[in-house]
Amino acid sequence: MERRDFVKKSAIASLGALAFSPKSYSKIIGANDRVRVGCVGYSDRFRASHVPPFKAFMKEMNFEMVAVSDLWNRRREEGKAFLEKELGNSITTYRNNDELYAAKAVDAVFISTADFQHAIHTIEAVQAGCDTYTEKPLAETMDDARAVLKAVKSSGKIVQIGSQRRSGQNYFAAEDYIKSGKFGDIKMVELMWNVNQPGRWRRPKLTSILKESDIDWKRFLINRPADTFDPRKYLEYRLFWPYSSGIPGQWMSHQIDTVHWFTGLEHPRSAVANGGIYQWNDGRKNADTMTVVFDYGPENDKNKGFQVQFTSRFSNSAGGTKEIYYSNGGELNLDTNKISPRGGLTEREAAEMGLKANLLPELSLSEVTKVETNANTGYDVLTSNHIRNWMECVRSRKTPNAPIEAGYQHSIACIMANAAYRTGERVTFDAKTQNVMAGSKIFKY
């Protein structure tokens with residue numbers, strides 16, 4: 001089934017029992033084998049956004065959740081209790097991924113651990129023979145990004161990156177329109193993600209009770225520099241580099257992914273950034289306000305290209321989320337889901353300059369799909385479609401909507417943004433070595 005047909009039927013079903021028939025699976029080799037699924041990292045995201053769609057589809061597709069792997073004993077027990085209540089079957093807990101994979105207990109896993117762990121946990125999974133649904137950002141360093149890309153490509157496993165816009169009907173319509181040439185050349189993209197949430201990424205109640213004896217701190221750090229135990233870095237990792245880039249990895253990764261998807265460009269040509277901690281002086285090290293400006297275009301022709309501006313703030317939610325593409329003929333607005341001639345070159349202006357006007361028509365994209373900005377988006381259409389697509393691809397072995405390459409590409413852009421913010425340098429990407437360059441130096445931490 002083509003992805004557009006799938007998403008259309010998913011939207012019509014409105015998160016209920018969707019369009020696929022269980023009988024259709026009888027034609028797929030291995031369709032009668034139950035897919036055993038594990039949770040790697042019992043997170044709020046997993047509980048609120050992964051479990052509801054999985055629950056809706058698991059019987060039809062013959063999937064079963066059987067395991068939870070988490071470093072914290074509290075999370076393991078909470079995950080076991082929640083999943084057994086929600087899904088109605090026994091859940092086995094594991095102290096870490098080594099134990100999980102040694103038990104040969106699972107065929108596929110959801111990975112929703114700390115941002116800097118996603119790449120390594122995906123490598124562990126595919127090397128153990130498991131398919132994965134890996135939350136974004138895929139990687140926060142190029143070393144990790146290159147390693148996970150190589151591991152997944154050589155494994156032949158199905159990996160869906162949690163960039164759920166790639167399973168949205170309106171985004172498919174935007175992709176088609178831009179790639180058809182009707183939109184004209186992109187000249188500018190404005191991306192925005194604003195919230196006013198004092199508690200965003202904070203866990204003060206939990207940090208007050210977490211003890212080092214409750215977890216495996218060294219295992220948590222994986223390949224990051226040695227550090228003393230800090231419950232805030234464990235539970236509020238999105239506020240602290242090098243455990244998370246914060247705004248770029250969490251939010252920009254979603255929106256910049258559409259730029260790569262719609263244009264076919266794999267990474268920016270350059271990035272500059274500015275920002276700081278202007279509102280929430282609570283000990284965090286990652287910015288609460290940031291603006292990044294990218295230059296995109298073909299490497300072999302500097303006369304062609306466009307600018308992308310991403311801006312985000314925690315202190316005021318005015319503006320919300322915005323994704324607007326501009327050509328000389330108008331705009332494609334993924335906030336309103338409309339194509340319009342707004343701001344385009346008029347016939348009168350064109351005639352005065354001896355040019356031809358190319359104003360866009362007034363059009364609506366095929367479906368309006370709301371983009372959630374709450375900390376846990378819950379049972380939203382995009383995530384539901386995306387998880388369904390992953391489960392389908394685990395069965396069919398077809399490429400999912402957001403394959404490993406999509407994660408690799410958004411990681412490059414996010415690492416470039418983070419490098420530009422932290423070094424103050426104009427950052428570029430060395431396509432030959434696959435390194436992010438801050439000035440003349442490779443960016444690491």
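Buried means under 20% relative accessible area, exposed means over 50%, and partly exposed is what falls in between (1.4 Å probe, protein chains only). Everything below comes from a predicted model, where local features need pLDDT of at least 70, side-chain atom pairs count only at pLDDT 80 or more, and totals for chains, interfaces and linings use all residues. Residues are numbered from 1 along each chain as its sequence is written, and side-chain values use heavy atoms, with hydrogens and water left out.

**View 1. Asn62, a non-glycine residue with positive phi.** Phi of Asn62 sits near 65 degrees, a positive value in a residue other than glycine. Asn62 belongs to the loop between α2 (44-61) and β2; helices (H or I, at least four residues) and strands (E, at least two) are DSSP runs, numbered from the N terminus. With 19% relative accessibility, Asn62 counts as buried. For background, most residues other than glycine have a negative phi, and most peptide bonds are trans.

**View 2. Ile222, another positive phi.** Here phi is near 50 degrees, again in a residue other than glycine. Ile222 lies in the loop between α9 and α10. Its relative accessible area is 30%, so Ile222 is partly exposed.

View 3. Pro137 is in the loop between β5 (131-134) and α6. Pro242 lies in the loop between α10 and α11.

**View 4. The open six-stranded sheet, with parallel pairing.** Its strand order reads β3-β2-β1-β4-β5-β6, where two strands pair if DSSP finds at least two bridges between them. At the edges stand β3 (92-94) and β6 (159-161), each with a single partner strand, so one side of each has no neighbour in the sheet. From one strand to the next the twist averages 20 degrees. Strand β2 (residues 63-69) pairs with β3 in the parallel sense over three bridges, and Val68 stands opposite Thr93 in β3. Helix α3 packs on this sheet, touching β2 and β3; contact means heavy atoms within 4.5 Å. The direction of α3 makes about 165 degrees with that of β2. Axes are lines fitted to C-alpha atoms, for helices over the stretch in contact, and angles run from 0 to 180 degrees between N-to-C directions.

View 5. Glu84 counts as partly exposed at 28% relative accessibility, and Lys80 counts as partly exposed at 25%.

**View 6. Arg224 and Asp144, a buried pair.** Their side chains form a salt bridge at 3.2 Å, N to O. The two come from distant parts of the chain, 80 residues apart: Arg224 is in the loop between α9 (217-221) and α10 (231-235), and Asp144 is in helix α6 (residues 142-155).

**View 7. Arg342 and Glu331, joined by a salt bridge.** The closest N and O atoms are 3.0 Å apart. Arg342 lies in the loop between β13 and α12 (347-352), while Glu331 is in strand β12 (residues 330-333), eleven residues apart. Arg342 counts as exposed at 56% relative accessibility, whereas Glu331 is buried, with a relative accessible area of 5%.

**View 8. The open eleven-stranded sheet, with mixed pairing.** The strand order is β14-β13-β12-β11-β7-β10-β9-β8-β15-β16-β17. β14 (363-364) and β17 (441-442) stand at the edges with a single partner strand each, so one side of each lacks a neighbour in the sheet. β13 (residues 338-340) pairs with β14 in the antiparallel sense over two bridges, and the bridge partner of Lys338 is Ser364 in β14. Helix α11 (residues 247-263) packs on the sheet, touching β7 (188-194), β9 (289-296), β10 (306-313) and β11 (321-327). The direction of α11 makes about 155 degrees with that of β10.

Conventions: A salt bridge is a side-chain nitrogen of Lys or Arg within 4 Å of a carboxyl oxygen of Asp or Glu.
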